[in-house]
Amino acid sequence: MPHLVVDGMNVIGSRPDGWWRDRARATRRLLGRLQTLHRTTGDPVTLVLDGRPLPDVPEGAHDGVQVLYARRGGADAADDRIVEFVAGLENPSAVAVVTSDRGLRARVGELGTPAMGAGALLARLDEADPT
């Protein structure tokens, strides 16, 4: 599997499991599941999030998962950060962006970056860590 670049809120929001009642908890849960995936596979993972950085999850490395935050608020802020990150890579085709957002899929596709849907990642996470 290539380096995964995860559109965090898109993945979190793809399952109606009550995440909206505690967005910070849902973010920490996804991060934990991605850390388990990284430990299991060794594949690099970058998680890109909207909103203010969580005090206990600043931007940077967290047990094998790189966490990035959108640089601004508003619509498509995390999408812009994902495109910026991917465009800055030496080989954008060596990563896969995880999102179900058609607009973001098209934008990274222009860079030669493949995308996979949130459901595919969640199924993989369920296999690695069924919590």
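1. A crossing of two helices is called left-handed if the near helix is turned anticlockwise from the far one by less than a right angle. In this predicted model, helix H2 passes helix H5 in a left-handed crossing.

2. H2 covers residues 23-41 and H5 covers residues 118-128. The two helices pack at an angle of about 70°, and their axes are 10 Å apart. H2 is therefore roughly perpendicular to H5, since angles of 65 to 115 degrees fall in that class.

3. On the H2 side, the contact is made by Leu30, Arg33, Leu34, Thr36, Leu37 and Thr41. H5 contributes Leu121, Leu122, Arg124, Leu125, Asp126 and Ala128. Of the residues in this contact of H2 with H5, seven are nonpolar, two are polar and three are charged.

4. Arginine 33 deserves a separate look. This residue lies in helix H2 and is one of the residues that make the contact with H5. Arginine 33 has a relative accessible area of 4% and so counts as buried, the cut-off being under 20%. The side chain of arginine 33 reaches the backbone oxygen of leucine 125 at 3.2 Å.

5. Aspartate 63 is not a glycine, yet has a positive phi of about 50°. The residue sits in the loop that runs between strand S3 (60-62) and strand S4 (65-69). With a relative accessible area of 60%, aspartate 63 is exposed.

6. Aspartate 76, also not a glycine, has a positive phi of about 60°. Its place is the loop between S4 and helix H3 (77-87). Aspartate 76 is partly exposed, at a relative accessible area of 43%.

Definitions and conventions. Residues are numbered from 1 along each chain as its sequence is written. This is a predicted model: local features need pLDDT of at least 70, side-chain atom pairs count only at pLDDT 80 or more; totals for chains, interfaces and linings use all residues. Side-chain values use heavy atoms; hydrogens and water are left out. Axes are lines fitted to C-alpha atoms, for helices over the stretch in contact, and angles run from 0 to 180 degrees between N-to-C directions. Helices (H or I, at least four residues) and strands (E, at least two) are DSSP runs, numbered from the N terminus. Angles under 35 degrees count as roughly parallel, over 145 as roughly antiparallel, 65 to 115 as roughly perpendicular and the rest as oblique. Contact means heavy atoms within 4.5 Å. Ala, Val, Leu, Ile, Met, Phe, Trp, Tyr, Cys and Pro count as nonpolar, Asp, Glu, Lys and Arg as charged, and the others, Gly among them, as polar. Buried means under 20% relative accessible area, exposed over 50%, partly exposed in between (1.4 Å probe, protein chains only). A polar contact is a pair of N or O atoms within 3.5 Å; within protein, one must be able to donate a hydrogen and the other to accept it, and residues adjacent in sequence count only if both atoms are side-chain atoms.
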